[in-house]
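Subject: Structure handover

Dear colleague,

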Amino acid sequence: MNGELVLMNNERRTMDNQAKNVNLGDSKKMTVGLFIPCYVDQFYPNAGIATLQLLEKLGVDVHYPAGQTCCGQPMANSGFEHLTHGCNDLFIKNFSGYDYIVAPSGSCVLHVKDHLHSGQEEDKALSVRGKIYELIEFLTDVLKVENLEARFPHKVGLHQSCHGQRGLKLSQMTELVAPGFSKPGYLLNMVKDLELVPLDRMDECCGFGGTFCVAEEAVSVKMGKDRVEDHLKHGAEFITAADMSCLMHMEGILRRKKSGVKVMHIAEILNAG
Amino acid sequence: MMERTHKDHAQLSDVFNEDEPRVNWHDETLWWVRQKRDRAAHGIPEFELLRETASQIKNNVLSNLSDYLVQFEANALANGIIVHWAANAAEHNRIVHSILEKHDVKRIVKSKSMLTEECHLNEYLGGQGISVVDSDLGELIVQLAKEPPSHIVLPCIHKKKEEIGEIFHRHLGTEKGMSDPQVLTETARQHLRETFLTRRIALTGVNFAIAETGEFVVCTNEGNADMGAHLSDVHIASMGIEKLIPKRKHLGVFLRLLTRSATGQPVTTYSSHFKTPRKGQEMHIILVDNGRSAQLGRKEFRNSLKCIRCGACMNTCPVYRRSGGHSYHNAIAGPIGAILAPNLDMKEYADLPFASTLCGSCSNVCPVKIDIHDQLYKWRQVIVQEGYAATVKSVSMKAMAFTLSSPALYRFAGKSGRLFLKYAPFAVSNQMNPWYKQREMPEPPAESFGEWYKKNRN
């Protein structure tokens, strides 16, 4: 599995090697800037706390710059990328000093990777784009985690958040004729007593989609209901994902139907026990 | 045709979603097609190589389009085909009509052509007193129902067999309540047989036109294009100028991809080559631009012209499956329609690029590797910049951008009841709030992560 992961990330090999040296006790210890996306900060602090604790447990020198807000994606995906300069400059100011930037959200990371620009400091913007990692890929590709001290004795359904999966390639996509792999699955399999449930549609979108969730309310909700139903049908007690936004949407649907099934960010499961 | 409505995609989807069991049926029907596509694609190990090859051939075509068009025209003329050029839909329609007038023909038979849907040819000819019969079974059904197709490959996928039975009962005289597919299909065959035998002019679309030979290829599963073309005195073929491929040897790449992507078949039942008119027959090709040159000039969007109209992006699209083709109020629905339509009329179709979660599944199934979801994102930027976004949205986006540019404002907004996300809008628990209508709100925690961090780490 790890071999495949490495092959999938040829372009990052240089950085991986740097990280390896660091982990082997290089005198220059790497520093990681923790980016906690705005809605996680405001509504799901436990996902942020679990991310921080997990990285600390793994010996990472992790810092949370206090002046951070948002990656700018809510505006950009709505067609207002031209209004994101303020967010972009702030992001660069907060994070360009770190060796790596890690965030527990595939969607925000993908946005930064694809769309962060700067009027004055484009070289810094490019550097930030090259060193930002979603938490899961940071664990598998940079830290090369091979075991975790975690226990979570529950049936769990893994939701593949689209931007993490199709954007950052955290997992193979069912559309492609290519060998399968799953970075979140790889990590969840290290968690003691955790049982991953199968799904009928293993990588269909949940329908959150940023402002889509309110602009296209009917379709968004229907997509969410169908996703949730797939997990319930297969006996999941928890639905997890590498993106809290999908989970927030599905949680809203689960709670409305008074289901006992919970959502939980993958960092909380990897940090459990 | 369905009455043109000014409702946007979201409003039309609201209506579509009033009948949830029907949405489930629509979703599952198209998901079944997507699964057939997956099985067919996984059946040939070189599938991804084929996609890449097709993409590169089409890139070459787009970069040399004018040369290939001139080459194609010269070869087609040498083959005895009459070639017409149409700058837009109106010109295309007038050319068709002038050919009918020349032959004093009032009735034609037409096989499936999305280009003629795009040009609204049936409506135009109807206004000139010409009767058009669509000979593709699905097209015939929606034509009888006076609706536009809801899908480019499966035009009546939104209709259940009982509803088709009712349409046939009203228009073709089948027994009331009859919905047996075999009986209905046989009825359509008999009806079309009479049509094929009596029409002197047949119109077809074009799937591929080969610059090297001046021939064109029409793909159908029903053989209806062949029946029309072979029985008529005049064959008119309408094609968008992007349908070209350089050489005949490239055709195999596309034929292998087309139906695997569309319906999960290895190849269309009929892939018919038309090169020279048979003795006594007249053969016309109408090369139609209708916005394609403009799209070719849009650097970010030009590769949408690689599309071979397989419909795979519709079948995989979780939004399309749950909103139906008519919610896109455009001849071409789904993700590909949403990136083609704004080029034709940015104001009318300003809603379509937003009818997506940007999940990216469309780009992954596209047999010619169009970056559909990236283009949806880029169209959103263009549409907003051109001033087609709602004012209220612009104001809230500016307020949001202002708040998020300042850590102090962000913290303040968060503290005053986690109302930062009010711009989303999450603020109130009532039915007016589109989030709350069918979903509970996130429960605000006692403190934000930032507040927790300050207490516990610094």
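Predicted model: local features only at pLDDT ≥ 70, side-chain atom pairs only at ≥ 80, totals over all residues.

**Chain A: overall make-up**

Chain A has 15 helices and 8 strands. Of its 273 residues, 59% count as buried. If you take the contacts in chain A between residues at least 6 apart in sequence, 77% of them join residues at least 24 apart.

The chain is divided into two parts: domain 1 covers 2–142 and domain 2 covers 155–270. Where they meet, 28 residues of domain 1 of chain A are in contact with 25 residues of domain 2 of chain A. On the domain 1 side, at least two residues each are supplied by helix H1 (2–8), helix H3 (38–43), helix H4 (45–57), helix H5 (73–76), helix H7 (106–115) and helix H9 (135–142) of chain A. By type, the residues on that side of domain 1 of chain A are 16 nonpolar, 9 polar and 3 charged.

**Chain A: the sheet**

Chain A contains an open sheet of 4 strands, in the order S6-S5-S7-S8, with parallel pairing. Strand S6 (195–196) and strand S8 (262–265) of chain A are at the edges; each has a single partner strand, so one side of each is left without a neighbour in the sheet. Strand S5 (residues 155–158) of chain A is joined to S6(A) by 2 bridges, and the two run parallel. Within this pair, Lys155(A) stands opposite Glu195(A).

The loop between helix H11 (183–188) and S6 of chain A holds a residue worth a look, Asp193(A). Its phi is near 65 degrees, which is a positive value in a residue other than glycine. Is Asp193(A) buried or exposed? Asp193(A) has 10 C-beta neighbours inside 10 Å and therefore counts as exposed, the limit for that class being 12 or fewer.

**Chain B: the sheet**

In chain B, 6 strands form an open sheet with parallel pairing, and their order is S1-S10-S7-S4-S2-S3. At its edges stand strand S1 (82–86) and strand S3 (131–134) of chain B; because each has a single partner strand, one side of each is left without a neighbour in the sheet. From one strand to the next, the twist averages 25 degrees.

- S2(B) and S3(B) pair in the parallel sense over 4 bridges, and Arg107(B) has Ser131(B) in S3(B) as its bridge partner.
- S2(B) is joined to S4(B) by 3 bridges, again running parallel; here Val109(B) has Ala202(B) in S4(B) as its bridge partner.
- Strand S4 (residues 201–204) of chain B is joined to strand S7 (residues 234–240) of chain B by 4 bridges, with the two running parallel. Leu203(B) stands opposite Ile236(B) in S7(B).

Helix H11 (residues 224–231) of chain B lies across this part of the sheet, over strand S2 (107–110), S4 and S7 of chain B. Helix H11 of chain B runs at about 145 degrees to S4(B).

Chain B also has a non-glycine residue with a positive phi: Lys146(B), at about 55 degrees. Lys146(B) lies in the loop between helix H8 (137–144) and helix H9 (161–172) of chain B. Lys146(B) counts as exposed because it has 10 C-beta neighbours inside 10 Å.

**Between the chains**

How many residues of chain B are in contact with chain A? There are 61 residues of chain B in contact with 61 residues of chain A. On the chain B side, the largest share comes from helix H18 (residues 372–385) of chain B, with 6 residues. The residues of chain B on that side divide into 34 nonpolar, 16 polar and 11 charged.

**The nonpolar core**

The largest nonpolar core has 214 residues, of which Ile101(A), Val102(A) and Phe216(B) touch the most other members. Helix H14 (residues 244–256) of chain A gives the largest share of this core, 7 residues. Leaving aside residues up to four places away in sequence, Val102(A) touches Val32(A), Leu34(A), Phe35(A), Leu55(A), Tyr133(A), Leu135(A) and Phe138(A). As background, nonpolar side chains tend to be buried together in soluble globular proteins.

Regards

Conventions. Residues numbered from 1 in each chain as written. Chains lettered and ligands numbered in written order. Domains from an automatic or database assignment. Contact = placed C-beta atoms within 7 Å. Nonpolar A, V, L, I, M, F, W, Y, C, P; charged D, E, K, R; others polar. Buried ≥ 20, exposed ≤ 12 C-beta atoms within 10 Å, placed from the backbone. Pairing = 2+ DSSP bridges. Axes fitted to C-alpha atoms, helices over the stretch in contact; angles between N-to-C directions. Core = buried A, V, L, I, M, F, W, Y, C linked by C-beta atoms within 7 Å.
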